Amino acid sequence: MAKGKRRATGSGWRQVAPLIPLALFASAFTVSATDDPAVATASLERGVSSNDPIVVPKQPIKEPANIPVPGVVGHGVDPGEQPTQVVSGLSRNGIPTAALKAYSRAQQVMAQVDPACNLPWTLVAAIGRVESNHGRFGGNSLTSQGVAVPGIFGPRLDGVNTARISDTDAGKLDGDGAFDRAVGPMQFIPGTWRAMGVDGDGDGVKNPQDIDDAAMSAAVYLCSGKTDLSKPSDLNAAILRYTHSQQYVDLVLSIAKAYAGGSWIAVGNGTEGDDGDRAGDQVGDPTIDAPADDNLPRAQDQPTYPGTTKPGNTQQKPTTSPTKTPTTSKPGTDKPPANDPTTTTPKPPTTTTPTAPSLATLQTTAGLIVGTAGSTVAELTTATKYCQSELAKVTITKPTKDQLQKCVTAYQTGGTKAVDEVIRSLLSALGLLGVLGGGILGS
């Protein structure tokens, strides 16, 4: 069957698309300091296989993906942590590279399978943040293949301060033969996973601990039925089906909007608090640790966003100083020549006007960019690269000299918050504001 076509049959599913092997997808889409998964351009035509297609159910899935636990909005959120704290700390928290690719791939595939759903990667990522902090809850880390190690398991659903769900999988997924537990980075309860979980990376295994499988399954779940996630009502209903808690819905939406606004950085695949992990740092087995590829993005390679230290605070003071210190000759200190009986007349004081500091400049493809007074070439280069990265994220890949200069000046005088305002102004002028990032989540 041709990919992307609708199949309205009595079997209860309506759309399918052949799945691209993850290795081919990863080679087509590589996260870097200038790549934004929301606009990633991975080719969906490479290595297409019809062996294990992605299926979107014709009717919305009613069974919850996870069961809310009283007092816990999600295991990826620290107990007592307020929603505002979670959102403000997103840039510092980071998204592991393996998770970022899984979220982006989910958006790309669903754009082919069910374009009417309008699924943004930011929504899948927000659920991953709340459910397991992107696969890092409980000391877990993601391997280079995206598998959570040693494994993420929710509380026992035995009816004690939780819903009661007797075992449905003979303990095969959650290791509990008496009662069910939610499993994996996206926290699917076994019954729901067994009913609709998909193989998201084409390795022939549906593994809820694999974030590629879990993220793609979450995307299928959210898009099931005639769902249009660009509509607020559909969006709220889809998340509420996933977990029956409005508090959960509100936090997921807040995080998704923040991610759509740029509040994320790519980090290594380690545990919570690790920035840019290296192979051998975490579990002890080099075959399952985060890859030590120097090309992988790390927190320090990525821009920071409002709520963090402004880069302007690191500017050095002007190093250019006046060329000569004003001097005066004191009367009576110059002795006359021995053969001249007269006294030398004191010379008037002489002063030298300080030389104004030269402005740093940088030649770019857009034109010559000029730094602010006192900034160095290194600082100007940092500001320019940051602006080029931020502009590229909103599809301004070839800014004019004026656009780039405005952004650089804003960065050097007001930090990242000022850059956000400049970019918002540019998008407004171009008529793009509210279009990027996945419908209402990008507004």
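Strands S7 (residues 361–364) and S8 (residues 367–370) run antiparallel and are joined by four bridges; strands count as paired when DSSP finds at least two bridges between them. Strands and helices here are DSSP runs numbered from the N terminus, with at least two residues (E) for a strand and at least four (H or I) for a helix. The link from S7 to S8 is a hairpin of two residues, and Thr364 sits opposite Gly367 in S8. All of this comes from a predicted model, where local features need pLDDT of at least 70 and side-chain atom pairs count only at pLDDT 80 or more, while totals for chains, interfaces and linings use all residues. Residues are numbered from 1 along each chain as its sequence is written, and side-chain values use heavy atoms, with hydrogens and water left out.

Turning to the helices, H4 (residues 97–113) and H5 (residues 121–132) have axes that come within 8 Å and cross at roughly 140°. Axes are lines fitted to C-alpha atoms over the stretch in contact, with angles from 0 to 180 degrees between N-to-C directions. H4 and H5 are therefore oblique to each other, the label left over once angles under 35 degrees (roughly parallel), over 145 (roughly antiparallel) and 65 to 115 (roughly perpendicular) are taken out. On the H4 side, Leu100, Tyr103, Ser104 and Gln107 meet Trp121, Val124, Ala125 and Gly128 of H5, contact being heavy atoms within 4.5 Å.

Next come H8 (residues 232–242) and H9 (residues 246–260), which pack at about 120° with axes 9 Å apart. That angle makes H8 oblique to H9. H8 and H9 also cross in a right-handed sense. Leu235, Asn236, Ile239, Leu240 and Tyr242 of H8 touch Gln246, Tyr248, Val249, Val252 and Leu253 of H9, giving eight nonpolar, two polar and no charged residues.

As for aromatics, the whole structure holds six pairs, counted when ring centres of Phe, Tyr or Trp (its six-membered ring) lie within 6.5 Å. Trp121 and Tyr259 have ring centres 6.1 Å apart and planes at 20°, so they are stacked (under 30 degrees; over 60 is edge-to-face and the rest tilted). Because Trp121 belongs to H5 and Tyr259 to H9, this pair ties together parts 138 residues apart in sequence.

Methods: A crossing is left-handed if the near helix is turned anticlockwise from the far one by less than a right angle, and right-handed if clockwise. Ala, Val, Leu, Ile, Met, Phe, Trp, Tyr, Cys and Pro count as nonpolar, Asp, Glu, Lys and Arg as charged, and the others, Gly among them, as polar.
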